[in-house]
Every structure is written in C-alpha cells, then in structure tokens.
Amino acid sequence: MKARQPSPRRVWLGAVGQVVALAILVTVAALALTSFLSPGLARPHVPKHAAVTLPSKPSHTDHSGMMKGPFADGSAVTRACLGCHPDAGKQMLASEHFTWLGKPAMVPGKGPAHASPQRIGKRNLINNFCLSVESNWPRCTNCHAGYGWRDASYDFAKADNVDCLICHEQTGTYRKDLAGLPAAGVDLVAAAGSVAAPTRENCGTCHFAGGGGDAVKHGDMDGTLFFPGAHIDVHMGRENMACTDCHRTRNHEIPGQSLSVDVSGRSRIACTDCHAGSPHRSERLNQHLAAVACPTCHVPLMAIDAPTKMVWDWSTAGQDTAVKDPHRYTKEKGSFVYAEKVPPVYAWYDGTGERYLKGDPVDPEAVVSISKPRGSIRDARARIWPFKIHRGKQPYDQEHKYLLVAQTYGPGGFWTDYDWDKALRQGAQASGLPYSGQYGFVATEMYWPLAHMVQSGAHALQCGDCHGDRGRMNWSALGYEGDPAFRGGRAKLGMVKP
Amino acid sequence: MICRYTLLVLGVTLAPDAAWAEEPASELPPPSPELVAPPQQPSGAPSLHPAVYIMDAEVTPVRDSGGLASAERSCDGCHDVGWIKEHDGHAAARMAPGTDPARLVGTNCFLCHAGLADNQARRQVIDQGKADEADTATLVRTELVSREGERWVWKKSAFKEDGSVAPEALGLARPTPRACGACHAQVHLDQSPLVLARDPRQSMTDLEGFVYSGQRISDSAVNVAGKEQLTRPWDVHAERLVSCASCHFAPNHPAYAFSNRNRGPEHLAFDARRIAITEFLWRPDHRLANRADGTLRRCESCHDALKVHGFLPRPDRHFGALACETCHVPMVHTPTRQETDYTMLTTEQKPRVVYRGVRDDGFVQGFRPVLLSRLQADGKHRFSPNTVATTYRWIDRSSGKPEPVPADVLVRAFFVGTSHRPELVRALDRNGNGALEAAELVLDAEAKVQVARSLLVAAGVRAPEMVGEVTAYELHHGVSPGRFATRTCDSCHRGKSRFGEPFVAASMVPFGVTPVFTSPVAGALVRDGDGRLVLEPGPGPVHVFGHTRNLWVDGLGLLMVAGAFVGAFTHGYLRWRGARRRRQTQRLDSEEKP
C-alpha cells in the first residue's frame, strides 16, 4: 500500500512554517544568549530581604450585625465578645497588657533582697516620668486594657474587666477615661460592631502618648506614626505596615520588650525576624552586624517630626511662674526640656537590662540609673544600640536613701495641693514603701532603646556619621581604644570570638 | 543639622539656667559620660609633634621680633626644608616662570599641615602683592596673630613662656582633605547640606565637577534635578573616610610606599624593607605619589575588581578595555566649566564663562562624561570618562612666540571706564538697545572681530590673533558606589552607545578660530548645525559588540541569515516540486490502469 502523499498546498504551507519557526528559533536563541551572557544585568536587582513578603492578614469578619447591643457599659461589650471568643478572656487575663506585670524573672545585678525571680512591670515600678502607677491608678490606668482599675484591690482575675475595644475597635471614636472606663458619650454599639485586627491607631492611642502626652516618652514613637510618611518610618510610612506585622501576636501575647518594664530579654522581636541572613549588598555593612544592631544605622534620629521629652525636673514643680509654654514648665510637673531630631546615645545591649526596683538604695550625689541596658564590648551577644536617655530629677527619701512614690493625682495628691510631703506620705501608704518625712530630689536616668522611626538604607547612617573625626560614636565610652574603622573591630582585636 | 540638635540638647541640658531665665532654677548634675559628645579626633591621641617656634625670615622667633612668619625657617632644622623644596611637586606651580615677584610665594608648610590654616587670608595678601605676608596670613585663624591696620600683631599670651606654640594651636597634622581642598576642590565634611562654593580657583570642582564629600547628593542643598533618587554620596571614597593623602601620599612614606612587587625580582611579593620613620620625617618626599613614576595609587591598587564583578560578562575584556571610572563615574552632578571666552569681556570686565550641566530653569542636570581612549598608568589604552573645557583668548605673536594678551590690556582695549567702547557696542549690539547683553558678547562675525582687533592694536597689541584651546580632563574622582555605576549592557552595546557619543565642547566658535586640543585626544573637533563646537570621540582600539560596525562581520551575519532563509525556502520548494511530480505520476499510473 502506498503512503498518502501531501498536497502541494500543504507542502508549501509547511515550508513557510519552517521559515517562521526558524526565525522564532533564532530570536529566542539570541534572547537566551543575551540573558546568559549578562545574568546580573538582564534581570532587575532583587534585594535579598524582599524575598520575605510583607505580611498580609485576612479581612476581619464584619461584627456589626453581631454586636447589636445595647451595652450598659464596657464590660457588657466584653461579655458579648467572650460569648464567641471564650479563650480570649483567659488569654488576656494572663497578658502583660492586662496585668502590667511580667512573668517571674531574675533581675540582673540585684542583691539578696531581690535574689529570687521577680515579677516586675508597669504596675510596681518607679520611673522618671510620672514616677509611679501606684497611688495614681485612676489617672494612669486610662490606658489599661481593662475597666475599673482604681486602687490596689483591683480584680485581675475577672474576665469581664478586660477591655477588648481599646485594641480592636475601628471607629476611631472610642475613648477611655479615669480607671480605664469608656468616656462619657462613647457609642459602644458602634465601637463593638467595628472590631477588627489591631491597627496603628489602636496601639498608638496608648503607646504614642506614653508619659502623659504625645511623643513624651519613647523618642521613636509618637503621633506622627498614625499617618507617617516614608521619612518617618519606612515600614509604616512606605509599606503601610501595622504594629502587629512585627509584633506578631498569638493568643493575645504581644511580643516586644520595653527596657523600662522588662529586662528579661525573653520577649524581644528583631529585625532579623524578617530581614534574615545578610541583608546588605555590601559585605562591609554585613560585617557590621556582628557588633552593630540594625537600628543603630537605620534609626539615625529620634523624634523626627515631633519633639520628645529629654529632661523632666520635678524639683521645680509647685511654683507659680509666668511661663506659659507647657513644654518648658508647668506648676504640676516642673521643668522640661524637649528636643526634635535628636541623635541617639549608643550603648552595648544584650537584650537584658538593669532595673531600679522599689527600695533599692540610691546615692544622692550620683545619677541614679533607673533602667540601663546590659552588655559590653566583650559580650559577643551584645550589639551597639541607639537609645534615648531621659534624664530626670525626682523625690527620694533622705533618710532611707531610696526613690519615693508620690501621689500626684487625686485628693491630697501633688497636683491638687502642691505639697510634696503630703503627696509622698500618701504615695508611701499606697506603695508600702516607708517614708521618713525627709525628702530631697535626686538625678535619674532611663535608657529607652530606639527601634521605630526606621529609615531605609538611602537615609540610614553613613560611614562618616560614626567613624572619623566627625563621628557621633563615643568609642572610648563603648570600650574601644579608638575608632574601629582604623583600629579594627572587637573580633579583630580579640575581645570576642568571631 | 545633627550637630545643631546635639548642641541644642546638650546645651540646654547642661546649662538650663541660662536658657530659662524666667523659670524656676532647674539644676541637674553633669550627664553620664555616654551623653558627652565624643572627642573630635579619631584616636583621641595627642599630637606627637613637639612645640614649634614660629620664626621670621631671620630665624628669630616672631613672638620676640614681631616680624613676618616664615614657614620655611620655622620648620627647617627638624625637617630638611631645602631638600623638601627640591622634591616638591607643588613648588613648580608656585614658582612658575614669569610670576610677578610680588606674588612669588615660598614653601608654605602651614598651608597644608596646619589644620587651622586660612587659605583665603593667604590669597588675599598674595592678590594684594604682599607675598611676603602669605605665611603670616595663613595663621590668622590660629589666633596667634591678627591684623591691625597694615600691621600683623602677634598675641604673645598665646605663646608658651619659651616662645614656642603647642602643635595643637596650629592643628599640625598630616594634610587633611580640607587642606588639599583649599586649593584643589570643594571639601564638605560636616552634616549641614552641601552648598556649592563655585570658587573657580578650586579647579577640580570647577573643571571636573569633583566635590570631596561623603554626603548623599539627595541630602545636599544643591538643586540637582531628580535628586531624591540620587542617594549616592558625592564621592564614595570620601564617604568611606579615604582621604586625599591615602592615594596621593609621600612616596617615601614607610607605611604607604609600595613594595617593589612590580619593579623588583619576580619572586618577591612584598619588600619589607623600609626607610626609618625618622628619615622620612627628616626628608619627606613632597612630590607625592604620581603617575609618572608609577607610585600613584590606582583603583586596582586597593580593589580586586574581579571578586565583585561576577555579574559582568567577560570581565577580563571589560577591564582590559575600560578604566574603572568609565562605569563608576557615570555622571557628574555639578555644573562644570565648559568654556571660557577671553576674546570679549563681560560688563563686569570678566571673561564670558559657560557651565555645562545646568538647565534653563536653574536646576543642575549634570552631564555624562565623554568616553575617550586614553593612555593609562599601566601603559595601556583604555576608555575613560572625560570632560573638556574650551578657552578662547587673544594672543600676540609679535615676539615670535604666542603670548596671551593680559587681562588689563583687554580691559584697556574694550572699555571706557566701566562701559564697553561705543564702537564695540555698535558692532555687537544685535538688538540695538544700546547695551551689550550676555548673548551678544561673542565675536562670531568677521566685522566684529575686526573691530575688536583694531581696538587691541590701538591698546598696543601689535599682532592680535584669536585662538581656541580645548583641554580634556580625565575624571578619576567623584566616584560612585557600585549600585550607582553604569550597569546596563545597552549603555554601550547598542548603536546609540556611550562610545562615540558627541560631547559639546563650546557653545560657539569665534569667527576664524580653529580650536585645537592642548594635548592629544582620540577624537575630532567639529561644528554642529547650531554652531557649537563638538568633540566627536574616535573609535578606540576595541570592537564594541553591538555598537561598532564592521563590514565583514555584518556581511557574514547577513549572509548567514539569508543563507538560512534561502536554505529553508529551497528545501520547501524542492519538496513542493517533488510532491507535484509524485501526484502527476500517481495520476498517470491510475489512468494507465483500467
């Protein structure tokens, strides 16, 4: 049997097809050759860190149909929440955002009085801003993730006391008042119906206003982060990231550590959680990571667009003056120094810290360190970190030689009667710390690590910002014999094992 | 800015009383050491230099004589100044033949080695024809000496009891970039946004666009178009604290001197023998590392380029044909001098100067350097980035050799008082408004040249003639980091390539002038359709894939493509013919069979 022969038309079409196929083949080969010859050039540069995709969250369930109310008070909203989220109550009752106490941990550098693990936190510590929560509960706890904390007898085991709305409501109208209760006029039904995953607005309501006002406390967190430009923070400004994108929360446990209330180093988050490996294209920059924390270069300034409080002197409070600027002096609080675009102070930090605890002795002639990072040039775990240092002057007991708790808010408080002795007596009663009746004022310092207001590489520090004769680093204070750019780093000098 | 806020915080913190006069006294103890500003020296180490006796020309301490300081006499004794002068590359510039004796300055050690030297004060007295006061004026910022009327007065209390001064009082040290920059280029080291000084005497900035600063262009105050994207430093070496002296060092400096790796026995990788530091300090070679004797530090002296250019196809070919600067100086972001026209002075009695890289709206757009094949330090020709500057001037050949017509003669010839001569105005005033504007100050027609020439002859210039000179400046500074270097293949490997890209050398050419290069350049000067002088680079010694046209290569390629098409077509045709034939055969076979 003879094979069927193709028609001339088919053969002609086949020939044309061959020519076209050949042309395509030549084109593809040329493109492939170009790509092969210039692998680094034909493809756009993709930074290593971009391999980690930005976090995304599922859209939250619309609760407006489920939370119809009416709600008599905040606790009624909480009960409604717990009806569907029964575990959330237990989780929150154990959360530091509710307890204002950390888990038991050793506080480094303490004597026999604190030789066992301590539970420390905002609830029982003294600082050099508003001094202490104790005796001032109603005022301080308006940022508490709970309702009704008015005194030491507060029930921390009652789930109804948890305030779900402060972290989850999205109307932007929810406000808290004394003892953390919803402010008068708040529409609880609207707030409850709006709940969703926490946004910058939720976190910032309290954290951007720590210390009694916007930008007071942290230096790297203030109201500019609500709607930041990229020049304020590259994550929140350029990428529109939320706080919880880095503070990745599970079971209402929010990781992150503030040196002022937690010195254990157990709950830190790190840039390398996302930017792993060698994040820089420059090998020399990557070498820096052995001694330098990321924020050291990427947080070149604090308080970028809003001044932060650098000094708070309580000793001048109580006087009638002509000063009208509340950022310089108020009768209630004393003298302040605010500053903007401030270069940080740098210190070694291994993630743990030293903390002044109630009753610790002070030397009135020296500056009392309330919180300070631990670490040294010889500690391989430590990195150079940027800090805000808040300097203060606050009351201490001249006989017992320790810092005192003062009641500032409420009847008999300093802001009412301007009587330090009375305020300190009431503070002592609330805190259980005896007061001799003799008080003075002592200088104090607190270190606040800076990790927000992060700048992109294009705006991070450059070599000459730290090194050379105009560098900002105080190398001798850091333990170096001189500028490591010229003398070598701590590994090269044998101070730590590489 | 950072310094400003540091001072604000520290100042207010340390001295709150002064700031808050109306407020309750707030007293805080001194801050912890960490809060104190760091020392302003990298090492914090004191200078090893002994106290210095500042001497006058008679070798008498100026504190006692009250005379003018002589740096040569002050430093001589500990340093062999006589030998240094004989081995000083800068001396030739200072003592150029024909220099007015009143402006002839000696070796001024203070200028480069005293951190507190004041070059502006020095220039001022030299310009006033008081070269003998130059060394004294250089020290005016030290507060050792001040000017009172016509006299220089030494502040005796600033001296030690024995008449010497501490080295710190002068800031004695190895020359810093600021010292070099005082004459050569703008240096900007602090945190304040950089503002261009536009000092034509800083020739490397004026002619080559180099600014020694590690500051990012985007952080500067210069209005560079699109500067938000220019997050590169003005110079990567300045950013990384590499100073001028790191490359331009004293060749006999024991720490910097090269081993004889390239000059000694082949087996010797490093010659550990060095002169003693004392010998170096006695006779430091001030010729500085230079190209002529191979001591100049080049890119490859410090960088192993092969280790960081893995992305580059055929790196050996690229490095063989291109200087590192070709890719790493992709743009110049400052206005640089394009032409200086002395043939007609402006109303300020200055030459007409045109800068390149500036847009009409005033923004600096910068420019791409022209790539020229030039002889490199290793004796090979490579393409490197260049800029060119054109100068038009009048010369007088009456003495047999061309002598530039001095500026004062030009002023005398072209001006009456502070105004251009009427005959000149009549010849050049195109719009007829009776005044000469910038655009009209060009001798672009024969009639205009004749008028100017006749005025010069009247001013005593016997044989005035216009000339044009074009000087190419190879760019080695203003280096950008790798991420801003030229990285795209098609910058060069395409028809419209960086190679052969014409480069404007001047906005005009005076009538009858044929500009020439001052030194050999692989390129030609032509006039474009707009009357501009344009440098057209010549083809280098290399074939640039994708750009260079070669008849044989192109022909062979065309032949191959055409051959493929013809082959495919022929193959198809033959199959078609074969098929037809088979069909005919089949038809015939079927017709034959019943």
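In the predicted model, B:Arg487 lies over the face of B:Phe311, at 4.3 Å from the ring centre. A charge is taken to sit over a ring if NZ of Lys or CZ of Arg is within 6 Å of the ring centre and within 35 degrees of the ring normal. In chain A, A:Lys309 lies over the face of A:Trp312, at 3.7 Å from the ring centre.

A:Trp312 also belongs to a cluster linked by ring pairs. Among the other members are A:Phe129, A:Trp314, A:Tyr338 and A:Trp448. Rings of Phe, Tyr and Trp (its six-membered ring) pair if their centres lie within 6.5 Å; planes under 30 degrees apart count as stacked, over 60 as edge-to-face and the rest as tilted. Over all chains, the structure holds 28 aromatic pairs. The ring centres of A:Tyr154 and A:Phe156 are 4.9 Å apart and the planes stand at 90°, so this pair is edge-to-face. A:Tyr154 is buried, with a relative accessible area of 9%. A:Phe156 is buried as well, at 17%. Buried means under 20% relative accessible area, exposed over 50%, and partly exposed in between (1.4 Å probe, protein chains only).

Burial also marks strand S5 (residues 336–345) of chain B. Of its 10 residues, 9 are buried, so S5(B) is largely enclosed by the rest of the structure. Helices (H or I, at least four residues) and strands (E, at least two) are DSSP runs, numbered from the N terminus. Two strands pair if DSSP finds at least two bridges between them. S5(B) runs antiparallel to strand S6 (residues 351–356) of chain B, joined by 6 bridges. B:Thr336 stands opposite B:Arg356 of S6(B). The hairpin of S5(B) and S6(B) has 5 residues between the strands, and B:Gln349 there takes a positive phi near 65°. With strand S8 (residues 381–396) of chain B, S5(B) pairs in the parallel sense over 3 bridges. B:Glu339 has B:Thr390 as its bridge partner in S8(B).

Helix H4 (residues 86–93) of chain A has the buried residues A:Ala88, A:Gly89, A:Met92 and A:Leu93. These cover an arc of only 130° around the axis, which puts them on the same side of H4(A). The arc is that of the directions from the helix axis to the C-beta atoms. The buried residues pack against helix H3 (74–84) and helix H5 (96–99) of chain A, where contact means heavy atoms within 4.5 Å. Exposed A:Pro86 and A:Lys90 lie on the face of H4(A) turned away from the buried side.

Residues are numbered from 1 along each chain as its sequence is written, and chains are lettered from A and ligands numbered from 1 in the order in which they are written. Local features need pLDDT of at least 70, side-chain atom pairs count only at pLDDT 80 or more, and totals for chains, interfaces and linings use all residues, while side-chain values use heavy atoms, with hydrogens and water left out.
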